[in-house]
Amino acid sequence: MIRSFLVCYDICNPKRLRKVYSVMRSYGEHIQYSVFLCELTQKLEHQMKDDLRAIIEEREDQILIIPLQYRIYFETIGLPLANRERELILVMNELDDEND
């Protein structure tokens, strides 16, 4: 089964940042600075996580891997997404907030 993920990262070291970007290009589509949209099988998801763990310094860097579940369309304001051959669809999961 293929699942969609939004992967966002904040990497402190320029060398590690370049490596993370290079790895992520093989797993997903670069949609914004430090943000990728990935459609992965479970095997590829695990491989991506292993590849990223091998690069980052866990005490300095952060990678958010957000699973997306419900399809929604969105638009950009300002610069368009680069090199888009198809319409971008984000899949989002509505979360319940216990404080509401």
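Is Arg 3 buried, partly exposed or exposed? At 33% relative accessibility, Arg 3 counts as partly exposed, where buried stands for under 20% relative accessible area, exposed for over 50% and partly exposed for the range in between, computed with a 1.4 Å probe on protein chains only. The model is predicted, so that local features need pLDDT of at least 70 and side-chain atom pairs count only at pLDDT 80 or more, whereas totals for chains, interfaces and linings use all residues. Residues are numbered from 1 along each chain as its sequence is written, and side-chain values use heavy atoms, with hydrogens and water left out.

**View 1. The chain as a whole, with its helices and strands.** The chain holds 2 helices and 6 strands, which are DSSP runs numbered from the N terminus (H or I over at least four residues for helices, E over at least two for strands). Followed along the sequence, these elements give the pattern β-α-β-β-α-β-β-β. Of the 100 residues of the chain, 31% count as buried. Among the contacts with a separation of 6 or more, 62% are between residues 24 or more positions apart, a contact being a pair with heavy atoms within 4.5 Å.

**View 2. Arg 3 and its surroundings.** Arg 3 is found in strand β1. With neighbours within four places in sequence left aside, Arg 3 is in contact with Cys 38, Glu 39, Leu 40, Glu 45 and Pro 67.

**View 3. Glu 45, a contact partner of Arg 3.** Glu 45 is found in helix α2 and, with a relative accessibility of 9%, counts as buried. Beyond its neighbours within four places in sequence, Glu 45 is in contact with Arg 3, Phe 5 and Leu 40.

**View 4. Helix α1 and its buried side.** The 12 residues of α1 should span 16 Å at 1.5 Å a residue, and the end C-alpha atoms are 17 Å apart, which agrees; the expected span is 1.5 Å times one less than the number of residues. The buried residues of α1 are Arg 16, Val 20, Val 23 and Met 24. Because they cover an arc of only 95° around the axis, they are on the same side of α1, the arc being that of the directions from the helix axis to the C-beta atoms. The face turned away from this buried side carries the exposed residues Pro 14, Lys 15, Arg 18 and Arg 25. The cover over the buried residues of α1 includes β1, β2, β3 and α2.

**View 5. Helix α2 and its buried side.** Helix α2 comprises residues 42–53, and its 12 residues should span 16 Å at 1.5 Å a residue, in agreement with the 17 Å between its end C-alpha atoms. Glu 45, Met 48 and Leu 52 are the buried residues of α2. They lie on the same side of α2, because they cover an arc of only 65° around the axis. On the other side of α2, the residues Gln 42, Lys 43 and Arg 53 are exposed. The buried residues of α2 pack against β1 (3–10), α1 (14–25), β3 (35–40) and β4 (62–68).

**View 6. The packing of α1 on α2.** The two helices α1 and α2 pack at an angle of about 165°, with their axes 10 Å apart; axes are lines fitted to C-alpha atoms, for helices over the stretch in contact, and angles run from 0 to 180 degrees between N-to-C directions. That makes α1 roughly antiparallel to α2, a term that applies to angles over 145 degrees. Val 20, Val 23 and Met 24 in α1 meet Met 48, Asp 51 and Leu 52 in α2.

View 7. Gln 62 is found in strand β4 and is partly exposed, with a relative accessible area of 47%. The C-alpha atoms of Gln 62 and Ile 11 are separated by 6.4 Å, the two residues being 51 residues apart along the chain.

**View 8. The backbone at Ser 34.** Ser 34 lies in the loop between β2 (28–32) and β3, and at 10% relative accessibility counts as buried. Its phi is positive, at about 60°, although Ser 34 is not a glycine. Most residues other than glycine have a negative phi.

Notes:
Angles under 35 degrees count as roughly parallel, over 145 as roughly antiparallel, 65 to 115 as roughly perpendicular and the rest as oblique.
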